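Please look over the sequence and the model first.

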Amino acid sequence: MSATHAPVGGASADNGPVKTDPVSTWADERLGIYKGTKNLIRKVFPDHWSFLLGEIALFSFILILLSGVFLTLWFNPSMGEVEYHGSYLPLQGVSMSEAYASTLHISFDVRAGLLMRQVHHWAALIFIMAIMVHMLRIFFTGAFRKPREINWLIGFTLMVLGLLEGFAGYSLPDDLLSGTGLRIASGVILSIPIVGTYVSYFLFGGDFPGHDFIPRLFTIHVLLIPALIVGLVTAHLILVFVQKHTQWAGPGKTNENVVGLPLLPVYTAKAGGFMFVIFGVVFLLAGLVQINPIWAYGPYTPDQISAGSQPDWYIGFLEGSLRMMPNWEWNIWGHTLSFNVLIPSLVVPGILFTGLALWPFFEQWVTGDKREHHLLDRPRNRPTRTGIGVAGITFYGVLWLGGGNDIIATHFHLSVEALTWTFRVLVFLGPVIAFWCTKRIALGLQRRDKDKVLHGRETGIIKVSLGGEFTEVHEPLSAGERYRLTAHEVQKPLELGPATDENGVERPGNRALKLRARASQAMFSDNVETTVEEYKELEAGHGHH
Amino acid sequence: MTDRDMETDHLPENTGGAGHGTLTKDAAAENPFQDPGLPAYRPRVTDLDPKAAKRAERQVALLFLVSIVGIIGSMVCYTFVPNDRVHTFTGLGTVNMNNLALGLCLGFAFLAMGGGAIHWARTLMTDVDLVQERHPMKSDAESTAFAVSEFKQGVADSGFTKYPLIRRSLLTAMLLLPLPAVWLLRDLGPLPDDNLRHTLWAPGEKLVNPNTGQPLKASDVPTGTLALANPAALADDPENRIDNLAKAAVLVVRLPQEALKGSEEQKKKQWDWSVDGVMAFSKICTHVGCPVALYEQQTHHMLCPCHQSTFDLSDDGKVIFGPAARSLPQLPITVDADGNLVAVSDFREPVGPSFWERG
């Protein structure tokens, strides 16, 4: 299946019986392991730092699973009320849920319990961060293009599941901070038109907070969502194997091959080593940097709160969205429509996430490109996509900052009202400015690439001619570098012919085509192209100037 | 003459390396942007110098040794560093020493193990790039034809197309199948009924201090203070205490009559529902239900720390900033024969977040 051109370690020439050890033979006779793995053992993976982002997500997930199992050995997911009599003195005799009491027990009375709690929490924060940055890498380099659209959707689903799983885990200890988070979630659910009240009563088993929610959430957190994540991660990885990893264009690296180092030994050692590095970083964090000190917050009670309450970072954008929304609410025909809750917590993330999930299909519709793509795009060569991505990051970033408006206000002595208004404006203005700047920068970089290809690299060496003219010496690029900078296709905007044929009959599907052409014009009309002809013309002209 | 003249002179006859190159000088002249092929393998120091390789070997082994020490150290620390010993470090704050020791031991054990493996891969494992061809994901024509014919044969053998009665009844059954999955969840919770419209407050229900359980008197609330109060009945039902509290928690303030704002009618209502200016408001934010908590005594503004909804208690709890859409509901109160503050009735409107049926 795969032709390797390695100068070392080729396949053995003779086909005689190969000696194998009895254990492998035993396994092979039952599982066919040689047949199944012969093409996997030396499977090639391209190397680039940006390909490690998904690995960070995978490895932190493994750590989450392991530390999570440890925590379940002591955690008691119950909302039954108990009086605390553990070794944390400030809460002696305080009435609290068993969930909270058992979390205190893990933190103070189980050795390594605090460590595992902190490993679990830090790894979760890193997990979601890694998923998001990995997803941005895929987006900006066009790695979602055919044939990888399905894997994009799997990855997208994993991100959503990761967010849900994180929020569920954060809510389990039933401390004041996480209980407040659940209270907000219940308020959001209540705002859903028609079914909201019913959904809330079914989820919480009656009035908020009730007695059922933490045990239910526990099952969702330790069984349902992890099982889905494990299943989807497996599918995600199988697809990466089957479709082979994308790579950057470069000398010898084309759309038809994959160049890199083999799974055994190099990739195994590097990826396995990287896994332990991630483990090490998380354990150091867990040992040195405190996170989520639930004993300081106290048990959840619906009539108490502390100022400066902040969720885990990945919920911050929803928090900010809720905070900056104007207080619109309608009462129509005896029913309440809470736009002030509905729009920021369900509509805004709904649009953001739907757009993200469908982007590959939208882009394919605009380009009409149905070919397989295995070479990554440099973000500059897709200025509109890159601009939209940065606009999205800006939108998300403003929402996220808005979630900390009270912290920003108290730290920098600003008015929280003025800050909220600033964010209300920025959330619309910021993405537009970001798009425009990014697109300009990307096009500027394209021109710079063109300049480098045609005129070579600036050396910083200044020559003076006999006539007194100063010129900078440009060193021509190597053939490899020239190939790297010109290997991408310059996407041409879609040009439409006349809308009607000679008989005046309109082209079928004209409306959609026009829309597509307009999108295509917007996306590709200002791309910079460097042609062989330009290069040759300059070459030929050298003697004359 | 410019510097660009050196261009073709610098182009090697064959720019490809390690036998992969395809670009000859002629081809490059034809298409200067052509792929020159993989560059020649550049050996590392460890490939050329056996001493360097030996050194790398020792470094890798040392890292694995550090890992061994860390792993054993973690068990020693687990056993001997007391879990209740804390120490304060500059920059770290007060830390649990057992946690710190375990984190450091295991952290460095993992880092050294990972670092060792990576260093081994980078210095000693063969790192010559391999090239593997890609093949289109699409099945070849032969496979497609075979699979399609097999599938058609299977369908034909089943008679799925031949017996529409079977087909339609099966599809209907399959469509119905997901319904019980939802139906059977009915007992997850009770129907909301009008639970969201009622709290524990009732005529004559005492306002009690949440900490002491003692009844609250008007004299307990001087101007400028903020007091919290629960219904006395909260203690009667420990099983549902938190659920009841989530709707019934109130805050009590005293406002001078001249501080009241708004229409005459509103001022009269607000004063009538108070006891000499001592008035009770729901503590549950009308946005998404956080307890409002930050009181500005000069302006009588009440701020919710969750999303900064700000209510003006002197203006009937109206929203003056933030995402909340409705005023904080006021609880009408009076005094009983013993001078204790008591509710006149339940809240006259639902407290807390909006919901569809609220109207």
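The model is predicted. Chain A holds 19 helices and eight strands. The C-alpha trace of chain A spans about 90 × 75 × 65 Å along its principal axes. Chain A has 545 residues, and 51% of them count as buried. Its accessible surface is about 25400 Å², with 68% of that belonging to carbon and sulfur atoms. Of the contacts in chain A between residues at least 6 apart in sequence, 73% join residues at least 24 apart.

Chain B is divided into two parts: domain 1 covers 45–131 + 140–186, and domain 2 covers 207–358. Taken over C-alpha atoms, the centres of domain 1 and domain 2 of chain B are separated by 53 Å.

S354(B) is found in the segment after β14 (341–343) of chain B. Is this residue buried or exposed? S354(B) counts as buried because its relative accessibility is 4%, under the 20% cut-off.

The side chain of S354(B) makes polar contacts with side chains of both chains, as listed here.

| Side-chain pair | Polar contact |
|---|---|
| S354(B) and E329(A) | 2.6 Å |
| S354(B) and R326(B) | 2.7 Å |

Neighbours within four places in sequence aside, the residues in contact with S354(B) include L190(A), S191(A), T336(A) and S338(A) from chain A. From chain B, they include T286(B) and H287(B).

Definitions and conventions: Residues are numbered from 1 along each chain as its sequence is written. Chains are lettered from A and ligands numbered from 1 in the order in which they are written. This is a predicted model: local features need pLDDT of at least 70, side-chain atom pairs count only at pLDDT 80 or more; totals for chains, interfaces and linings use all residues. Side-chain values use heavy atoms; hydrogens and water are left out. Domain bounds come from an automatic or database domain assignment. Helices (H or I, at least four residues) and strands (E, at least two) are DSSP runs, numbered from the N terminus. Buried means under 20% relative accessible area, exposed over 50%, partly exposed in between (1.4 Å probe, protein chains only). Contact means heavy atoms within 4.5 Å. Accessible areas come from the Shrake-Rupley method with a 1.4 Å probe; for residues, only the protein chains shown count as cover. A polar contact is a pair of N or O atoms within 3.5 Å; within protein, one must be able to donate a hydrogen and the other to accept it, and residues adjacent in sequence count only if both atoms are side-chain atoms.
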